[in-house]
Each structure stands twice: as C-alpha cells, then as structure tokens.
Amino acid sequence: MATSEKPVMVIGVDDSEESTYALEWALDHFFAPYAPNFNFDLVVVHAKPSPISVIGLAGPGSGQALPYIESDLKKIAARVIEQAKEMCISKLAHGATLEVVEGDARNVLCDAAEKHHASVLVVGSHGYGAIKRAVLGSVSDYCAHHAHCNVMIVKKPKTKH
C-alpha cells in the first residue's frame, strides 16, 4: 500500500561539537535546496539527563543540590534546542519538530526513532577509543545495535595541527 507521507529523519543533539557537526552535516546533505531528491520530515531530539543520574552516588547531602541541577539541565536543554532551531532555520529546514525528552540518550533516541517511525536516526560520534567507550558507553554504538531503523553515525573530521 503506497503512502504519501514523507520518511522521517530523527537527529539526536546535545551540547557537544560532534552533535552540532552531525546536525549541520545532515542539514547540508539532506535538507539543502540543492538536494531536492531527499525529502524527509525532520525531528530533532535532545535527551535531557535526569538530575538523579547526574548526581549519581554523590553521597549525603546531594539531594539538596537537585533543584539547582534540574535548573541547569533545563537551561542546557533550552540552549541546545534553540541552537538546533536556529541552525534548521538558517539551513532552510523549516517545519522541523524539536523535542526535549528526559532520560538516557541511548534509550531516548531509540524510542524517538520508533515513536516517529523514522527511516533513519542520525547521531554524532565523539570518537572515543575502546577503553573510553567501554567505561563511558557509546550512544552511537548503542543506537546502531538497538534502533529499529537505519542509523547514520556522523564523524567530525579530525583537525590537523
């Protein structure tokens, strides 16, 4: 059964240079006026960590910091989404849906891809080595293995010194 709906592209954003690069790269390659063959609905998603996950095992008294941490996380999320919105507008990707969802980025992005029936999920790569990736976890690696759609991992070119 043919449908007239456009495929959906979900792009994960955070406050990193790699994320900004991935968003800009996807906008330049899939939403630019000179690329009319690519016709996606765009959903930009920021995963806002919960204050508890940020505090972790900070110890006694850390509960008093929760309101301050929550306030900071909301400010960061607002800034990330505003920057993404400005970039979408400047790259003529009008009509993008922008979302902030609380939770672990791995789960938030995979869930968003499923919720929006995405054809592709775009994430940036921090370029961690094997040890850092094992300790910190890799959002892009997790998404590549668990998302129910194609996953595009955009790597920022290394700068030459």
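How many bridges join β1 and strand β4, and in which sense do the two pair? Three bridges, in the parallel sense, join β1 to β4 (residues 120–125). Two strands pair here if DSSP finds at least two bridges between them. One spot to look at is Val-10, which stands opposite Leu-121 in β4.

A word on the model before we go on. It is predicted, so local features need pLDDT of at least 70 and side-chain atom pairs count only at pLDDT 80 or more, while totals for chains, interfaces and linings use all residues. Residues are numbered from 1 along each chain as its sequence is written, and side-chain values use heavy atoms, with hydrogens and water left out.

**Exercise 1. List the helices and strands of the protein chain, then work out the sheet.**

Step 1: Start with the parts. The protein chain has six helices and five strands; helices (H or I, at least four residues) and strands (E, at least two) are DSSP runs, numbered from the N terminus. Along the sequence they follow the pattern β-α-β-α-α-β-α-β-α-α-β.

Step 2: The five form an open sheet with parallel pairing, in the order β3-β2-β1-β4-β5. At the edges sit β3 (97–102) and β5 (150–155), each pairing on one side only. On average, neighbouring strands are turned by 25 degrees against each other, direction ignored. Axes like these are lines fitted to C-alpha atoms, for helices over the stretch in contact, and angles run from 0 to 180 degrees between N-to-C directions.

Step 3: Follow the bridges across. Six of them join β1 to β2, which run parallel, and Ile-11 has Val-44 in β2 as its bridge partner. β2 and β3 also pair in the parallel sense, over six bridges, with Leu-98 in β3 as the partner of Val-44.

**Exercise 2. Find out how covered β1 is and which residues make up the cores.**

Step 1: Check the strand. Six of the six residues of β1 (residues 8–13) are buried, where buried means under 20% relative accessible area, exposed over 50% and partly exposed in between (1.4 Å probe, protein chains only). Val-8, Val-10 and Gly-12 point one way, and Met-9, Ile-11 and Val-13 point the other way.

Step 2: Look at the largest nonpolar core, which has 20 residues. Such a core is a set of buried Ala, Val, Leu, Ile, Met, Phe, Trp, Tyr and Cys residues joined through side-chain atoms within 4.5 Å. Met-9, Ile-11, Leu-23, Leu-27, Phe-31 and Leu-42 touch the most other members. β1, α1, β2, α3 and β4 each supply at least two residues, and the largest share, six residues, comes from α1.

Step 3: Zoom in on Leu-42. Beyond its neighbours within four places in sequence, its contacts (heavy atoms within 4.5 Å) include Met-9, Ile-11, Leu-27, Phe-31 and Cys-88.

Step 4: A second, separate one of 16 residues includes Val-8, Leu-121, Cys-143 and Cys-149.

**Exercise 3. Trace the aromatic pairs around Phe-30.**

Step 1: Apply the rule. Rings of Phe, Tyr and Trp (its six-membered ring) pair if their centres lie within 6.5 Å; planes under 30 degrees apart count as stacked, over 60 as edge-to-face and the rest as tilted. The count comes to three aromatic pairs.

Step 2: Take Trp-25 and Phe-30. Their centres are 6.0 Å apart with 65 degrees between the planes, an edge-to-face pair. Trp-25 counts as partly exposed because its relative accessibility is 25%, whereas Phe-30, at 11%, counts as buried.

Step 3: Move on to Phe-30 and Phe-40. Their centres lie 5.9 Å apart and their planes are at 85 degrees, so this pair is edge-to-face. Phe-30 belongs to helix α1 (residues 17–31) and Phe-40 to the loop between α1 and β2 (41–48), 10 residues apart. With a relative accessible area of 16%, Phe-40 is buried.

Step 4: Join them up. Trp-25, Phe-30, Phe-31 and Phe-40 form one aromatic cluster.
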